[in-house]
Amino acid sequence: MTVFNRSWRRPGALVTVAAASALGVGLFVAPAVAHTPAWAVTCSEVSVDLVNYTADKENTVTLTVDGKDLLATEKFGGEFHKKIELPEHTKELSLHLVVVDGSGNDGSLDDTKTAPVCEGTEPEPEPTPSTTPPTDKPEPTPTEAKPEPSKTSAAAEVPSSQPSPAGDDLAETGSSSTTPLIAGAAAVILVAGAGITWAARKRRAVGN
């Protein structure tokens, strides 16, 4: 009986040691598997749940929306739980979550998700290119300069009060005050010529 009991005790001890070893390995592996971070996004909020991180290590989490900080870099220990409301938006938002596991295990994360537009919110209309051609402003036409009145025409239109340089002589009608003098001089010349001719003839006759 003693030999039989001893033969059964050795396998039982081996089984017990193996079971304890497997349990210990499972305890060490379980926290590493549970390091997977979780976060969810809706149209109005973001929820972040980080569990089973090493408490004595420096773990950090950062959340940005469209490149702007929604959750500035924050340190946490073994766990982190937070819900953050999103700003009102009329178009989809791009969310970027960065988790750094200080222990160097598989708890780090760098992920991007999109927050849709909530129902009942009118989406922002996309700008459409304008089809109306730009209207060119008409160039101002140069104002035509009014011609200055001609000095000649102005002088002709305005009657002069000064006497004409030619005087007030009337137009000649065919007779003049000098006409009798001319006639008398002509008669004298004719008489003198006749006298000269007669004297010359007489001298010729005496000489013959």
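Colleague: Is E74 buried, partly exposed or exposed?

Modeller: In this predicted model, local features need pLDDT of at least 70, side-chain atom pairs count only at pLDDT 80 or more, and totals for chains, interfaces and linings use all residues. Residues are numbered from 1 along each chain as its sequence is written, and side-chain values use heavy atoms, with hydrogens and water left out. A residue is called buried under 20% relative accessible area, exposed over 50%, and partly exposed in between, using a 1.4 Å probe and protein chains only. Because E74 has a relative accessible area of 27%, E74 is partly exposed.

Colleague: Which side chain meets that of E74 in a salt bridge?

Modeller: A salt bridge here requires a side-chain nitrogen of Lys or Arg within 4 Å of a carboxyl oxygen of Asp or Glu. For E74 the distance from N to O is 3.5 Å, and the partner is K82.

Colleague: How many salt bridges does the rule give, and how many residues apart are K75 and E58?

Modeller: The count comes to two salt bridges. One of them joins the side chains of K75 and E58 at 3.7 Å, N to O. This pair links distant parts of the chain, with K75 in strand β4 (residues 68-76) and E58 in the loop between β2 and β3, and their separation is 17 residues.

Colleague: Are K75 and E58 buried or exposed?

Modeller: K75 has 59% relative accessibility and therefore counts as exposed. E58 has a relative accessible area of 52%, so E58 is likewise exposed.

Colleague: With which side chain does the side chain of T62 make a polar contact?

Modeller: T62 lies in strand β3 (residues 59-65), and T62 counts as buried because its relative accessibility is 17%. A polar contact is a pair of N or O atoms within 3.5 Å, where within protein one must be able to donate a hydrogen and the other to accept it, and residues adjacent in sequence count only if both atoms are side-chain atoms. At 2.8 Å, the side chain that makes this contact with T62 is that of T73.

Colleague: Which residue in β5 is the bridge partner of L50?

Modeller: Two strands pair if DSSP finds at least two bridges between them. β2 and strand β5 (residues 80-85) pair in the antiparallel sense over six bridges. Within β5, the bridge partner of L50 is F80.

Technical notes: Helices (H or I, at least four residues) and strands (E, at least two) are DSSP runs, numbered from the N terminus.
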